Structures are given as C-alpha cells and as structure tokens.
Amino acid sequence: MSEPDPSGGRPPAPARPTLRVGVVGAGRVGAVLGAALRAAGHEVVAVSAVSEDSRERAEALLPGVPVRPVPEVVQSAQLVLLAVPDDALTDLVAGLHSTGTWVPGQLVAHTSGRHGLAPFAPVADALLPMAIHPAMTFTGTSLDLARLAECCFGITTPEALRPVAEALVVEMGGEPVWVPEEARGRYHAALAHGSNHLVTLVAQAMEVLRSAGIDPADRVLRPLLQASLDNALSSGDAALTGPVARGDAGTVAAHLAELADLPEDVATAYRAQARATALRAQRSGRLRGDDAATILTTLDEETR
C-alpha cells in the first residue's frame with residue numbers, strides 16, 4: 001500500500017531564489033547585514049576588509065568567507081552590498097565604473113542613509129541599483145542581528161526594483177519603509193539628529209551626575225530616559241515636562257550656574273536645548289509667550 005501524498009497532489013512550491021552576495025566594507029553595518037543575508041539563505045561569496053578591526057569583524061560574523069580586494073568582491077557577486085562611508089560612496093561607484101569592474105545586470109545596494117540613487121548615475125543603465133539603509137545604530141557584533149527584527153530600513157529604488165529591496169529587508173528581519181529620492185537628505189538628517197545627538201545628550205547627563213558624586217549614573221538615568229523616549233515617541237511635544245515647559249526661569253539660571261565649571265560643551269548644549277524646548281513649547285501652546293520670553297532672556301543673559 002503506497003504512502004499518502006502529504007502535498008495532496010499539489011505541485012511543490014518553487015524554491016526561493018538565492019543570490020551570491022559580495023560585501024564591500026566589513027564595518028559595523030556591512031558585516032552584520034552580510035551575516036543577516038547569509039542567515040536568510042543567500043551565499044556570501046567574498047568580503048572586503050582593510051583594517052585589522054574589520055578583518056576580525058568579518059571573521060567573527062562571516063566565518064569562512066574569503067577576504068578579497070574590492071574588484072574581486074564585486075566581480076564574484078550577483079548582489080553587491082556597498083557598506084562604506086557616505087562621503088566615499090559616489091567616488092567608489094565611479095571608480096569601479098572607470099575600471100570596468102561592474103558586471104552588467106548586477107544588483108547593487110548601498111547602505112548609506114544620506115544617499116538615494118544619485119551615486120549610481122554613471123552606471124544607472126547597466127546595473128540594478130538600490131538604497132537600503134537600516135535605521136539603527138550598530139555595534140558590529142552578533143547582538144545587532146537580533147535588533148534587526150525591530151529595525152526599519154529606508155529604501156529608495158527604481159519602481160521595478162522596489163519588491164526586490166523589500167524582500168531583501170524582510171529576509172534580514174527588518175521592515176521596509178519607502179523613502180522618495182528627494183526626501184533622502186531630510187530623512188537622514190532626522191535620524192542623525194535623533195540618534196547621534198541623543199548619545200551626546202545622555203553622555204553629558206551622566207558626566208554631570210558623576211561630577212556631583214552620584215553613581216551609578218546610568219542606573220539613575222535609565223528609567224527616566226526610557227520613559228521620556230517612549231512618551232516622546234507616542235505623544236511628541238505633549239510629553240514635555242520640566243522647568244522650561246513650566247516657565248521656571250530661575251531654575252534654568254540655577255542649572256546654568258551649576259554647569260559653569262564643567263567642560264564647555266555641557267552648558268552650551270543645555271542652553272541650546274533649553275532654547276529649542278522653549279520655542280517648541282510656545283509654538284505648541286504649552287508655554288505662554290511671556291514665560292517663553294523670560295526663559296529666552298535668561299538664556300541670553302547667561303551667555304554674557
């Protein structure tokens with residue numbers, strides 16, 4: 001007696017296509033995304049790595065993948081992932097074009113937040129270009145792979161390639177978010193302002209606490225900052241609290257006096273953020289015009 005057919009007589013589903021992937025740049029982003037694509041079933045055939053740190057990162061996250069010069073990485077791959085600094089991207093694409101390195105019909109994706117498709121202008125007719133930017137800060141370790149599950153990727157592609165970029169992002173565990181070409185610069189400015197300046201802000205707050213003899217500073221700040229971040233993301237300006245929002249100019253002046261003997265960047269940042277907070281609070285109707293004016297006058301007086 002023959003065994004029952006578990007497929008119910010249906011034809012087998014077509015196998016998901018896999019790609020030979022070359023990673024140019026084993027920095028914190030490139031090595032992690034290469035590992036994510038590998039985990040999704042793609043074959044990472046080569047990676048470029050110049051510094052000792054990048055070589056160690058490639059060995060840790062892409063074990064067994066050969067480290068090759070950039071031209072060899074490009075010519076061995078069906079999908080080339082360019083994970084290089086923003087300012088190097090355009091020259092890299094043009095340089096590979098001038099040396100005849102690109103393979104016509106290749107998929108090429110860069111991970112820059114700032115750029116869309118403009119860096120691919122010299123090769124737009126020969127290649128299949130995509131901008132795929134993970135909106136996350138990376139450590140360059142395996143910890144980042146789990147974080148991709150909550151990560152949005154800003155994608156910009158020709159319309160025909162949008163499903164390809166979206167599929168690659170989903171395979172890496174992320175969520176694709178469409179960013180029009182003309183919005184790319186502002187998109188990146190928003191992310192840099194929020195993420196990079198947040199790091200500076202938190203580091204300064206910990207420095208001030210430690211200067212007052214309060215430690216562990218991170219333990220003191222963590223619940224407050226996490227709650228503030230959650231509230232700001234869900235409510236925007238409505239989440240604002242504190243002396244500026246209340247119009248407490250005396251408290252602001254006292255804060256600046258306390259910060260006066262710390263490194264210059266701390267008081268400068270406090271003053272700039274207090275000014276921005278006052279203006280936003282006034283614009284949103286949370287701070288009366290006369291209170292906002294008093295806060296701004298106090299900040300100006302403290303600079304003299």
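Q: Which residue of β2 does Arg20 stand opposite?
A: Arg20 stands opposite Glu43 in β2. This is a predicted model, in which local features need pLDDT of at least 70 and side-chain atom pairs count only at pLDDT 80 or more, while totals for chains, interfaces and linings use all residues. Residues are numbered from 1 along each chain as its sequence is written, and side-chain values use heavy atoms, with hydrogens and water left out.

Q: How many bridges join β1 to β2?
A: Five, and β1 and β2 (residues 43-48) run parallel. Two strands pair if DSSP finds at least two bridges between them; strands (E, at least two residues) and helices (H or I, at least four) are DSSP runs, numbered from the N terminus.

Q: Through which helix does the chain cross from β1 to β2?
A: Through α1 (residues 28-39), in a right-handed β-α-β crossover.

Q: Now to α10: which of its residues are buried?
A: In α10 (residues 249-259), Ala249, Val252, Leu256 and Leu259 are buried, that is, under 20% relative accessible area, with exposed over 50% and partly exposed in between (1.4 Å probe, protein chains only).

Q: Why are they on the same side of α10?
A: Because they cover an arc of only 85° around the axis, taken from the directions from the helix axis to the C-beta atoms.

Q: Which exposed residues does the opposite face carry?
A: The face turned away from the buried side carries Gly250, Ala257 and Glu258.

Note on methods: Right-handed = clockwise from strand over helix to strand, strands pointing away.
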